[in-house]
Amino acid sequence: MKPVSLIQFLIEERRAGHINTELSLLIEVVARACKRIGVATGKGALGGVLGAAGTDNVQGEAQKKLDVISNEILLEANAWGGHLAACASEEMEDPQPIPDMYPKGQHLLLFDPLDGSSNIDVNISVGTIFSVLRCPDDVTEPKAEHFLQPGTTQLAAGYVVYGPSTLLVLTFGHGTHEFTLDREIGSFILSRRDIRIPEQTGEFAINMSNQRHWEAPMQRYIGELLAGNDGPRGRDFNMRWVASMVADVHRIVTRGGVFFYPLDAKIKSKGGKLRLMYEANPMAFIVEQAGGAATTGRERIMEVQPTGLHQRVPVFLGSSQEVEQATRYHREADNAQ
Ligand code: P6P
């Protein structure tokens, strides 16, 4: 069968009325920028891009050189096309408006330019996560509050995982689809259309070193998985934790599984570890469109009303039966209080 390129797919989606021309241009620009990020990441030590940048981001986290480089690549690529009103990034305190010299568009782009960057120096897969919102009609100079829209309003979401192959996974709300970068021609080629995440799974992802800090329902739920055959689930479970959300989520999108970054006593004051606007929401959109589920343990991630651009939330996502079970335990515990 003739391979379908990303550009052909975007034209199909435009003809189907799922996206408009401006959004298809935005996705093409982001995909092209991610190819450049992949090249920079792939150079490793030879590119002089490993290690710390010597600066901290808005989260107070030490930035890697590639965090800063990736952020710049995405900002520069999206500045001139006329498809965006502003960008927001994990690496920037405030949104960046499109420079006055360029035309503005009707979209807001949010991204984590290089998620999992602590893994770069040890050559483990990292990725870019992005989310697209509509800019409110009467807004010409978007501020942070204009980005604070619930995940259900996303027009598009995607990630690019820089692994053995470079993959783009994308949704416009009409299924979740995967594209593989053909490095010889420099095009993303459709490799999986309408991905489905199995409802059941035998594989979970969580950072077990935080176990003593978890809330009781999380202790109960994970305890049942660890009990395996001898416990109430009556079967053994396997565990994976890459500590790179894009890699962990891509495994789940590919073969099922369930991912948790729950509240724990250490991070309770912050609301969680992962960021709502440019990590949890786009991943939730992608997972739900593939038949999975995504909650904070109490509510659907995409229904959280954002209160801050860099707000954090607990994340439970993946195979729906496991997400629902873990969420049920948390709701039961809350109701019992
Ligand atoms: P921990 C990477 O820093 C990240 O934001 C996600 O990509 C990843 O899932 C998580 O943090 C890993 O957190 O506490 O296991 O290092």
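Colleague: Is Gly-116 buried or exposed?
Modeller: In this predicted model, Gly-116 is buried, because its relative accessible area is 13% and the cut-off for buried is under 20%.

Colleague: Where does Gly-116 sit?
Modeller: Gly-116 belongs to the loop between S5 and strand S6, the latter covering 126-134.

Colleague: Which residues is Gly-116 in contact with, leaving aside its neighbours within four places in sequence?
Modeller: Those residues are Val-126, Ala-243 and Ser-244.

Colleague: And Asp-115, where is that found?
Modeller: Asp-115 is part of strand S5, which spans residues 107-115. Asp-115 is buried, with a relative accessible area of 7%. Apart from neighbours within four places in sequence, its contacts include Val-126, Ser-244 and Glu-279.

Colleague: Which feature does UniProt place at Asp-115 and Gly-116?
Modeller: The unreviewed UniProt entry places the feature "binding site" there, and also at Ser-117, Ser-118, Asn-207 and Lys-273.

Colleague: You mentioned Glu-279. Which residue does Glu-279 form a salt bridge with?
Modeller: The partner is Arg-275, and the closest N and O atoms are 3.7 Å apart. Glu-279 is buried, at a relative accessible area of 0%. Arg-275 also counts as buried, at 3% relative accessibility.

Colleague: How many salt bridges does the structure hold?
Modeller: The structure holds 15 salt bridges. One of them joins Glu-12 and Arg-193, with the closest N and O atoms 3.2 Å apart.

Colleague: Why does the pair of Glu-12 and Arg-193 tie together parts that are apart in sequence?
Modeller: Glu-12 lies in helix H1 (residues 6-15) and Arg-193 in the loop between strand S10 (187-192) and strand S11 (203-205), so the pair ties together parts that are 181 residues apart in sequence. Glu-12 counts as partly exposed at 31% relative accessibility, and Arg-193 counts as partly exposed at 40%.

Colleague: What about Glu-203, which residue is its salt-bridge partner?
Modeller: Glu-203 forms a salt bridge with Arg-255, the closest N and O atoms being 3.0 Å apart. This pair links distant parts of the chain, as Glu-203 is in strand S11 and Arg-255 is in helix H6 (residues 245-255), 52 residues apart. Glu-203 is buried, with a relative accessible area of 11%, whereas Arg-255 counts as partly exposed at 47% relative accessibility.

Colleague: Changing topic: how many aromatic pairs does the count come to?
Modeller: The count comes to six aromatic pairs. In one of them, the rings of Phe-9 and Phe-179 have their centres 5.1 Å apart and their planes at 75 degrees, so the pair is edge-to-face. Phe-9 lies in helix H1 and Phe-179 in strand S9 (residues 176-182), so this pair ties together parts that are 170 residues apart in sequence.

Colleague: Is Phe-9 buried or exposed? And Phe-179, buried or exposed?
Modeller: Phe-9 is buried, with a relative accessible area of 0%. Phe-179 is buried as well, also with a value of 0%. Another edge-to-face pair is formed by Tyr-221 and Tyr-329, at 6.3 Å centre to centre with 70 degrees between the planes.

Colleague: Where do Tyr-221 and Tyr-329 lie?
Modeller: Tyr-221 lies in helix H5 (residues 216-227) and Tyr-329 in helix H8 (residues 320-336), so the pair ties together parts that are 108 residues apart in sequence. Together with Phe-260 and Phe-316, Tyr-221 and Tyr-329 form one aromatic cluster.

Colleague: Which residue lies over the face of Tyr-329?
Modeller: Arg-220 does, at 3.6 Å from the ring centre. Tyr-329 itself counts as buried, at 8% relative accessibility.

Key: Residues numbered from 1 in each chain as written. Predicted model: local features only at pLDDT ≥ 70, side-chain atom pairs only at ≥ 80, totals over all residues. Heavy atoms only, no water. UniProt positions renumbered as here; feature names shortened; annotations may be inferred. Helix = DSSP H or I, 4+ residues; strand = E, 2+ residues; numbered from the N terminus. Buried < 20%, exposed > 50% of the residue type's maximum accessible area, 1.4 Å probe, protein only. Contact = heavy atoms within 4.5 Å. Salt bridge = Lys/Arg side-chain N within 4 Å of Asp/Glu carboxyl O. Phe/Tyr/Trp six-rings, centres within 6.5 Å; stacked < 30°, edge-to-face > 60°. Lys NZ or Arg CZ within 6 Å of the ring centre and 35° of its normal.
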